[in-house]
Protein chains: 2
Amino acid sequence: MNEVYITGIGLTKVSEHWNKSLKHLTYESVQNCLKDCNYKKPDLIVVSNALGGFIQYQESLSNLIAENLSLNKIPNLRIETGEASGASALMVGYMAIASGMFKNVLIIGVEKISDALPHQFISYVSSFLDYEYFVYNGITPASIFAILYKLYLKRYNAKQENIAQFASHDHKMAINVEHAQYRFNLPVERILSSPILVDPIRLFESYPVSDGAASIMLSSKDQVENKDYSVKLEMISASTDVNVLYREDMLLFASLRDSFSQIRKHAKIELKDIDFLEIYDPYTIASPIILESLGLLNKGEGYKLLLEGQHEKDGDLPLNTHGGLKARGHPIGATTLYQVCESVLQLRDKAYNQVPNAYIGLVHSMNNIGDQSFLILLKRL
Amino acid sequence: MNEVYITGIGLTKVSEHWNKSLKHLTYESVQNCLKDCNYKKPDLIVVSNALGGFIQYQESLSNLIAENLSLNKIPNLRIETGEASGASALMVGYMAIASGMFKNVLIIGVEKISDALPHQFISYVSSFLDYEYFVYNGITPASIFAILYKLYLKRYNAKQENIAQFASHDHKMAINVEHAQYRFNLPVERILSSPILVDPIRLFESYPVSDGAASIMLSSKDQVENKDYSVKLEMISASTDVNVLYREDMLLFASLRDSFSQIRKHAKIELKDIDFLEIYDPYTIASPIILESLGLLNKGEGYKLLLEGQHEKDGDLPLNTHGGLKARGHPIGATTLYQVCESVLQLRDKAYNQVPNAYIGLVHSMNNIGDQSFLILLKRL
């Protein structure tokens, strides 16, 4: 199996891009990526996009994007796996290089949410859930996370101000990050006085409406020109779980636990080896559950390291150093590619909040409420 | 690079399945496939579906299907590349096995069109075209094929009765095929007296409204148990072209010509080596253009072999032996997987219209008007 490297990344600012189309956003990020990898020519294009059908009435997006980039004759395809679309696209790119069939695969994540009205958007993201089971009955992802939140507070006798602290953390990190959407401090008091979204989730405990595009060039070993700039994509693990209402423990993402056991087994990596962690945190309550499911903290103690300051850039386990979904923003199909690009910046020693001696990074991605979990393991060369 | 085999196939009848959901259809085809491959356990699930977002309001379909099949903990993803979604899904499965990362990959194609009203469906399939360029101006895929049809008739001084003969051919083949949607003869006179869809395309020159699901188990060499039942997936080639209005010659699919030159180069296969051909024929006019673009016939002569009877099951190049898109039916995201399953039946000597001594089969798939072309080369073991 051939090794897989990241030889280029391209980011656009996450924002509400009222004056840019899906094509424009993609063009920007791909140009940045091509420049960054010294203009390698891709031989496969993989596009990650989740809601372009609903919002822009545009399916078959990969071919449209390829044509707009004048990248003709090159096979292209589009991946949609709900919120984990970016991770799936990366997995397909990984297989493409690992198989030896392709030398340079361009992965593009793009999403433009601001074209939708808020009530439309909520309806669209709900389509990631089972329609017949959840959506028909008016259940949205936020309402399920609210149930988890209530259960967490009650079962572990936890305080909301400790959970909400995760959003504060994301915002503090984002201040230095040029491509982040919301670059200001957000104290916990401000979060807890914001309107209720779904009780007990406060508005500022949720991800914002974000547009953005991020691109990554995956390459085989012989295509690596600059060792200081390239990063090894060591492994992608993935697992799934039954829907949240059928689980033995709603406060544990078994798919994530399973994904990490694959990393331990095949890459021989333990949590103590990881220099920084990127987690997929659509709502603050997701964060402690993710950290506990990874095995980093005991049940009910998922916010302990945060309170101890261990998630700062010079702490034991730096977390979401570019603002996470809350403050960098969450352009659904592009989000995981942003997470990976940011991790590449860390491993190049070029991050906006640089972690000292960052050699191994772990990126987490998920769909729905841990229904699908992905882990992406990155290593400095 | 590891070799890739097809060890199981599962079909459902193509029809308007008013009483079955996406889940039901999928369940049937996967059960058939699992039985056919002697109950191999997949380690990756790839779902091809094009319009489930629009029609069933269901995205993230691969995870839903996996849960419904109790196939948990197994990574799953969904591919959408417009009408070529099935070919893309197969390509991802091919890379998954070729890389050595997976042993058995379950590819599932499913589409349920009958839940949409006709005007909705036309609008949904138009979303495969560039919205800003085509759809906003009221252009649909059928209207572009109509332009090609007029041009073909005029430039080559061709007769519509010769082009319409391709639909007749599809229907004649489908009579014996249990899973085909329309199993009756359709004489050319009947086609040419059917209502005009888009001038000059007659209603019976177009594909019908079809629901269906087809599944394929791809396996690595060490998983092949029954040599008589397994087929080698020798190669998948793919290429793309600019949109039809920008092309030098609208009556030539350069992406297909390019795809076939890859097959010639890498698999050392010429047209004379192929024992049967499956083409993606949404409208009758597509057929001669495809056959000419492949290099099988000169420009303007694409219907010559048909008139000579060479596309019959015992002819020089048997064509669409299970009824093609017109008579087997065209459940968009599942169609290419139907084509491949039918080709596997040919190579197992179990086809409904068996081609004598069928050893090498070629399957063609495309998106839009040849914007993307795929060729899938299959060999008997």
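Contact here means heavy atoms within 4.5 Å. With that in hand, let's look at a pair of helices in this predicted model. Helices (H or I, at least four residues) and strands (E, at least two) are DSSP runs, numbered from the N terminus. In α1(B), the residues B:Leu22, B:Lys23, B:Thr26 and B:Tyr27 meet B:Leu61, B:Leu64, B:Ile65 and B:Asn68 in α3(B). Sorted by class, this contact has five nonpolar, two polar and one charged residues. Ala, Val, Leu, Ile, Met, Phe, Trp, Tyr, Cys and Pro count as nonpolar, Asp, Glu, Lys and Arg as charged, and the others, Gly among them, as polar.

How do you describe a pair like this? Two packed helices are described by the angle between their axes and the distance between the axes. Helix α1 of chain B covers residues 22-36 and helix α3 of chain B covers residues 61-68; they pack at an angle of about 60 degrees, with their axes 10 Å apart. The axes are lines fitted to C-alpha atoms, for helices over the stretch in contact, and angles run from 0 to 180 degrees between N-to-C directions. Angles under 35 degrees count as roughly parallel, over 145 as roughly antiparallel, 65 to 115 as roughly perpendicular and the rest as oblique, so α1(B) and α3(B) are oblique to each other. Their crossing is right-handed. A crossing is left-handed if the near helix is turned anticlockwise from the far one by less than a right angle, and right-handed if clockwise.

## How the model is read

Residues are numbered from 1 along each chain as its sequence is written, while chains are lettered from A and ligands numbered from 1 in the order in which they are written. Local features need pLDDT of at least 70, side-chain atom pairs count only at pLDDT 80 or more, totals for chains, interfaces and linings use all residues, and side-chain values use heavy atoms, with hydrogens and water left out.

## Chain A as a whole

Chain A has 13 helices and eleven strands. Its C-alpha atoms fill a box of roughly 55 × 45 × 40 Å, taken along the principal axes. With 381 residues, a compact globule would have a radius of gyration near 21 Å, and the 19 Å of chain A agrees with that. The radius is taken over C-alpha atoms, and the globule rule is 2.2 Å times the number of residues to the power 0.38.

Of the 381 residues of chain A, 68% count as buried. Buried means under 20% relative accessible area, exposed over 50%, and partly exposed in between (1.4 Å probe, protein chains only). Among contacts in chain A with a separation of 6 or more, 78% come from residues 24 or more positions apart.

## Helices in chain A

Which residues of helix α5 (residues 118-126) of chain A are buried? They are A:Phe121, A:Tyr124, A:Val125 and A:Ser126. The buried residues of α5(A) pack against α2 (52-56), α6 (141-155) and α13 (332-347) of chain A.

Helix α6 of chain A also pairs with helix α7 (residues 160-174) of chain A: the axes come within 10 Å and cross at roughly 130 degrees. That makes α6(A) oblique to α7(A). A:Tyr149, A:Tyr152 and A:Leu153 in α6(A) meet A:Gln160, A:Ile163 and A:Ala164 in α7(A). By class, that is five nonpolar, one polar and no charged residues.

## Two buried residues

A:Pro208 sits in the loop between β6 and β7 (211-220) of chain A, and at 14% relative accessibility it counts as buried. A:Pro208 and A:Pro331 are 123 residues apart in sequence and 8.9 Å apart in space, C-alpha to C-alpha.

A:Ser365, in strand β10 of chain A, counts as buried at 0% relative accessibility. A:Ser365 and A:Gln354 are eleven residues apart in sequence and 22 Å apart in space, C-alpha to C-alpha. Leaving aside neighbours within four places in sequence, the contacts of A:Ser365 include A:Glu83, A:Tyr280 and A:Phe374.

Most residues other than glycine have a negative phi, and most peptide bonds are trans. A cis peptide bond joins A:Asp199 and A:Pro200, with omega about 5 degrees; A:Pro200 is in the loop between β5 (196-198) and β6 (201-202) of chain A. In chain B, a cis peptide bond joins B:Asp199 and B:Pro200.

A:Asn357 has a positive phi, near 55 degrees, and counts as exposed at 59% relative accessibility. B:Tyr57 has a phi near 55 degrees and is partly exposed, with a relative accessible area of 21%.
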